[in-house]
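Here is a short report on one protein model. Look at the structure first, then read on.

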Amino acid sequence: MDHRKTRLSSPTGRADERVVSAVAEVLAAQVDESTGTRGRLRRRVESLLAERHGPGAVPMPSKSAFYRLVEAMSEGTHAFGEATSRRSQARRPQGVFTPSSACRPGEIVQIDTTPLDVMVVLDNGVTGRVELTIGVDVATRTICASVLRPAGTKAVDAALLLAKMLVPEPMRPGWSDALALSATLIPHARLMNVDARLEHAAAKPVIVPETIGIDHGKVFVSDTFVSACRSLGISVQPSRPATPTDKGVVERTFSSINTLFCQHVAGYTGSNVTRRGARVEAVWTLAELDDLFQEWIVAC
């Protein structure tokens, strides 16, 4: 019998199905473990086969054939790479990923917090990184509001984010007149009749959220934040635990902020220590960095 067609149609080739099943089971079981070697995997497969079928009942392939089988079955899973990447890959939803969608501004706003890859001078004179909390409208991809705080964002900061979403962004000293609401195509004069605060507002829309998507961070599930949402008539929609794809829009926005803003700012640290330069010095204070970031949101 010609087995060449079998080898081409299946990534596992002519390997014993019992071995293939054992390898798949062991690979799945070590997702949350520390990364090991292929040798450890082979010993665990041998032990599992002996337990289920008896010692020596299932012949093991040669070491080179076994490693080729493992390579084919573990492709794209980071089974022998970074543990964080492996866990993230395992949490991806089964089947085609369907992103969050909304038909009108404010229908769904996703919020989240992440450390910003920029060193700043804090109020006490010590240098350190800060945390950025943003709300992103799913329909328009607009950054509705943002809050910069030293590491350790609190529930009151998340509540402040809600408040900033509901009011116009004021023009700040030093900003170009081109960033003013009056310089845009938005019907400024008509809006002035509704709210006088728009006279000195920046060209950033005010989007009132109907539903806010959150993760299970203690800041967002706190009584302070949930009560603030309830008082404003905003529904809170938690994502599934450990499933960042449920908030894909805000997660992708953080990546865009890092490449379009952070890397051009003095004090940029890179995403991890292996990407950090030898001489990274904090130049901006927290207030100055916040001012730069707010201007970037409106201008870019």
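A salt bridge is a side-chain nitrogen of Lys or Arg within 4 Å of a carboxyl oxygen of Asp or Glu. Lys-247 and Asp-112 form one through their side chains, at 3.0 Å from N to O. Lys-247 sits in the loop between β5 (235-238) and α9, while Asp-112 belongs to strand β1, so the pair ties together parts 135 residues apart in sequence. Both residues are buried. Buried means under 20% relative accessible area, exposed means over 50%, and partly exposed is in between (1.4 Å probe, protein chains only).

This is a predicted model: local features need pLDDT of at least 70, side-chain atom pairs count only at pLDDT 80 or more, and totals for chains, interfaces and linings use all residues. Residues are numbered from 1 along each chain as its sequence is written, and side-chain values use heavy atoms, with hydrogens and water left out.

**Salt bridges**

How many salt bridges does a search of the whole structure find? The search finds 17. Three of them are listed here.

| Pair | N to O distance |
|---|---|
| Glu-33 and Arg-40 | 3.8 Å |
| Lys-247 and Asp-112 | 3.0 Å |
| Asp-246 and Arg-240 | 2.6 Å |

Glu-33 is partly exposed, with 28% relative accessibility. Asp-246 is partly exposed at 22%. Arg-240 is also partly exposed, at 47%. Salt bridges with shared partners link Asp-112, Asp-215, Lys-247 and Glu-251 into one network.

**The overall build**

The protein has 10 helices and five strands. These are DSSP runs, numbered from the N terminus: helices are H or I with at least four residues, strands are E with at least two. Of the 300 residues, 37% count as buried. The protein exposes about 17,100 Å², and carbon and sulfur atoms supply 53% of that area. Accessible areas come from the Shrake-Rupley method with a 1.4 Å probe; for residues, only the protein chains shown count as cover.

Contact means heavy atoms within 4.5 Å. Take the contacts between residues at least 6 apart in sequence: 63% of them join residues at least 24 apart.

**The nonpolar cores**

A nonpolar core is a set of buried Ala, Val, Leu, Ile, Met, Phe, Trp, Tyr and Cys residues joined through side-chain atoms within 4.5 Å. The largest one has 25 residues. Leu-116, Val-130, Leu-132, Ile-134, Ile-257, Phe-261 and Leu-289 touch the most other members. At least two core residues come from each of β1 (109-121), β2 (127-137), β3 (143-150), α9 (248-260) and α10 (286-299). Which element gives the largest share of this core? That is α10, with five residues. Another core, of 18 residues, lies apart from it and includes Ile-111, Ala-145, Phe-225 and Ala-228.

Val-130 has contacts beyond its neighbours within four places in sequence, among them Leu-116, Val-118, Leu-148, Leu-286 and Leu-289.

Is Thr-253 buried or exposed? Thr-253 is buried, at 13% relative accessible area. Thr-253 is part of helix α9. Leaving out residues up to four places away in sequence, Thr-253 touches Ile-134, Val-136 and Ile-143.

Val-206 lies in the loop between α7 (188-192) and β4 (211-214). Val-206 is partly exposed, at 37% relative accessibility. Beyond neighbours within four places in sequence, Val-206 contacts Met-165, Leu-166, Val-167 and Pro-168. Lys-164 is 42 residues from Val-206 along the chain, and their C-alpha atoms are separated by 9.1 Å.
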